[in-house]
Amino acid sequence: HSRTFVGRLVREVLLQTDRSQTIYLDTHSGWYEPGGGKEVFGIRTCSLLQQSVGPIGVRGIDRTLAFIIVRDLQDAQRFYRRQGLVGLKVFLPEFAAQLEPTSSLPATAAKLYQSALHRTSKLWPWLADTLSRVGQVQLLRRQL
């Protein structure tokens, strides 16, 4: 789908650091294969990338990644406006009232939390995927 060199480059970097195929290790500042521990994308790769495309190319990559974050967050906001907030506008205030007083746990806390989880269960998978992608892109921006 990417039409520009920077767009294709960003798409490839996102594929290399795919959150379902790699693990980011903060202590090593890189993405690694889960089983073997082989580095997939790290400081050395970023250095090569910076040398290859120069400061202007790195700025283009950074801006493209920033636009991806904005798009994903806007998509999340639209999703919640359409899907989530319809039933949650009534549920959340009721749920908050049942948790009062906040200084102690209600007697039926387990039942309340299970009910809340059930009522919001269809929202979590999509939210987790979107936020993990935003996190992946933020880590890439920090790395570059």
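This is a predicted model: local features need pLDDT of at least 70, side-chain atom pairs count only at pLDDT 80 or more; totals for chains, interfaces and linings use all residues.
Residues are numbered from 1 along each chain as its sequence is written, and side-chain values use heavy atoms, with hydrogens and water left out.

**Around glycine 42**

- Not counting residues up to four places away in sequence, glycine 42 touches Ser29, Gly30 and Gln143, where contact means heavy atoms within 4.5 Å.
- The C-alpha atoms of glycine 42 and tryptophan 126 are 28 Å apart, and 84 residues separate the two along the chain.
- Serine 29, one of those contacts, sits in the loop between β1 (23–25) and β2 (30–32).
- Although serine 29 is not a glycine, its phi is positive, about 50°.
- Serine 29 counts as partly exposed because its relative accessibility is 22%.

**The nonpolar cores**

- The largest nonpolar core has 16 residues, and Leu14, Leu65 and Leu140 touch the most other members; such a core is a set of buried Ala, Val, Leu, Ile, Met, Phe, Trp, Tyr and Cys residues joined through side-chain atoms within 4.5 Å.
- At least two residues of this core come from each of α1 (5–16), α2 (43–98) and α4 (124–143).
- With six residues, α2 supplies the largest share of this core.
- Another core, of ten residues, lies apart from it, and its members include Phe91, Phe95, Ala116 and Leu123.
- Leucine 140 is in contact with Val13, Leu14, Thr17, Trp31, Phe41 and Leu65, leaving aside its neighbours within four places in sequence.
- In soluble globular proteins, nonpolar side chains tend to be buried together.

**Helices and their faces**

- α1 has twelve residues and reaches 16 Å from its first C-alpha to its last, close to the 16 Å expected at 1.5 Å a residue (the expected span is 1.5 Å times one less than the number of residues).
- Gly7, Leu9, Val10, Val13 and Leu14 are the residues named as buried in α1.
- In α3 the buried residues are Ala109, Leu112, Ala116 and Thr120.
- Seen down the axis of α3, its buried residues fall within an arc of 65°, so they line one face of the helix.
- The other side of α3 carries the exposed residues Ala110, Lys111, Gln114, Leu117 and His118.
- α4 has 20 residues and reaches 28 Å between its first and last C-alpha, close to the 28 Å expected at 1.5 Å a residue.
- Leu127, Thr130, Val134, Gln136, Val137, Leu140 and Gln143 are the buried residues of α4.

- Arginine 133 lies in helix α4 and counts as partly exposed, at 22% relative accessibility.
- Residues up to four places away in sequence aside, arginine 133 touches Leu14, Arg19, Ile68, Arg71 and Asp72.
- The C-alpha atoms of arginine 133 and aspartate 18 are separated by 8.7 Å, with the residues 115 apart along the chain.
- Aspartate 18 is found in the loop between α1 and β1 and is partly exposed, at 21% relative accessibility.
- Between the C-alpha atoms of aspartate 18 and tryptophan 31, 13 residues apart along the chain, the separation is 8.9 Å.

**A cis peptide bond**

- Glutamate 100 and proline 101 are joined by a cis peptide bond, with omega about -10°.
- Most residues other than glycine have a negative phi, and most peptide bonds are trans.

Methods
Buried means under 20% relative accessible area, exposed over 50%, partly exposed in between (1.4 Å probe, protein chains only). Helices (H or I, at least four residues) and strands (E, at least two) are DSSP runs, numbered from the N terminus. The arc is that of the directions from the helix axis to the C-beta atoms.
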